[in-house]
Amino acid sequence: MPKGGKKGSHKGRMRTYTSPEEIDAQMKAEKERKRVEQEEDGGAAQNDVAEAPGCPGSGSDDSDDEGSLKRKGGVEGLIEIENPNRVVQKPKKVTQIEMDEPRQLSRREREEIEKQKAKERYMKMHLAGKTDQAKADLARLAIIRKQREEAAKKKEEEKKAKEAAAAAARGINSLSLK
């Protein structure tokens with residue numbers, strides 16, 4: 001038999017639905033409750049403004065105590081505990097932050113900056129032709145230039161040879177026609 005037995009099981013029963021009238025009534029009650037709370041808060045704020053701050057009979061001290069208890073949730077409002085190990089962070093002003101010495105970089109940030117500087121140095125040396133890769137590239141370019149010059153010379157010679165052959169052929173043709 002399963003845990004809990006058959007008693008108390010919701011399966012097999014008819015479902016009950018909330019009627020629209022009940023939902024409307026709940027919504028109205030909720031709105032009314034919120035409105036009353038806002039009036040109480042608003043009324044207390046207006047009373048504090050209306051009363052003189054130096055009057056001994058003002059109830060603002062009591063409302064401030066209640067408000068501070070409401071803000072603290074749970075046990076904090078009831079028990080005040082001071083933790084000696086807890087570091088309370090004090091808000092810094094912008095002027096204090098700017099006057100402080102520059103913050104220390106983390107190891108990753110330092111390594112990233114060093115990597116970028118090394119890359120820039122390498123690129124400068126590469127453009128100057130001082131790296132092994134740059135030397136290899138320049139040698140390869142020199143070889144390619146030489147090959148292209150030779151190909152251009154060869155092409156020029158072939159062109160001249162064709163023109164000479166064409167001129168000789170015209171000369172023969174012109175002699176045979178005469």
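Leaving aside its neighbours within four places in sequence, T131 is in contact (heavy atoms within 4.5 Å) with Y122, M125 and H126. The model is predicted: local features need pLDDT of at least 70 and side-chain atom pairs count only at pLDDT 80 or more, whereas totals for chains, interfaces and linings use all residues. Residues are numbered from 1 along each chain as its sequence is written, and side-chain values use heavy atoms, with hydrogens and water left out.

**Overall architecture**

- The protein chain contains five helices and zero strands, where helices (H or I, at least four residues) and strands (E, at least two) are DSSP runs numbered from the N terminus.
- Along the sequence, the elements of the protein chain follow the order α-α-α-α-α.
- Of the 178 residues in the protein chain, 2% are buried; buried means under 20% relative accessible area, exposed over 50%, and partly exposed in between (1.4 Å probe, protein chains only).
- The protein chain exposes about 18000 Å², of which carbon and sulfur atoms supply 55%; accessible areas come from the Shrake-Rupley method with a 1.4 Å probe, and for residues only the protein chains shown count as cover.

**T131, between α4 and α5**

- T131 belongs to the loop that runs between α4 (107-128) and α5 (132-177).
- With a relative accessible area of 7%, T131 is classed as buried.
- The T131 side chain makes a polar contact with the side chain of H126 at 3.2 Å. The criterion is a pair of N or O atoms within 3.5 Å; within protein, one must be able to donate a hydrogen and the other to accept it, and residues adjacent in sequence count only if both atoms are side-chain atoms.

- Side chains of opposite charge can pair when their charged atoms come close.
- Six salt bridges are counted in the model, each being a side-chain nitrogen of Lys or Arg within 4 Å of a carboxyl oxygen of Asp or Glu.
- E30 pairs with R33 in a salt bridge whose closest N and O atoms are 2.4 Å apart. E30 and R33 are separated by about one helical turn because they stand three residues apart in helix α1 (residues 20-50).
- R33 also forms a salt bridge with E37, with the closest N and O atoms 3.1 Å apart. R33 and E37 are four residues apart in helix α1, about one turn of the helix.

- The side chains of R140 and D137 form a salt bridge, at 3.0 Å from N to O.
- R140 and D137 are three residues apart in helix α5, so about one helical turn separates them.
- R140 is partly exposed at 47% relative accessibility, and D137 is likewise partly exposed at 23%.

**Nonpolar surface patch**

- L78, I79 and I81 make a nonpolar surface patch of about 380 Å². Patches consist of residues with over 30% relative accessible area and no salt bridge, with like charges joined within 9 Å and nonpolar side chains (Val, Leu, Ile, Met, Phe, Trp, Tyr) within 5 Å.
- L78 sits in the loop between α2 (60-71) and α3 (94-99).
- L78 is exposed, its relative accessible area being 75%.
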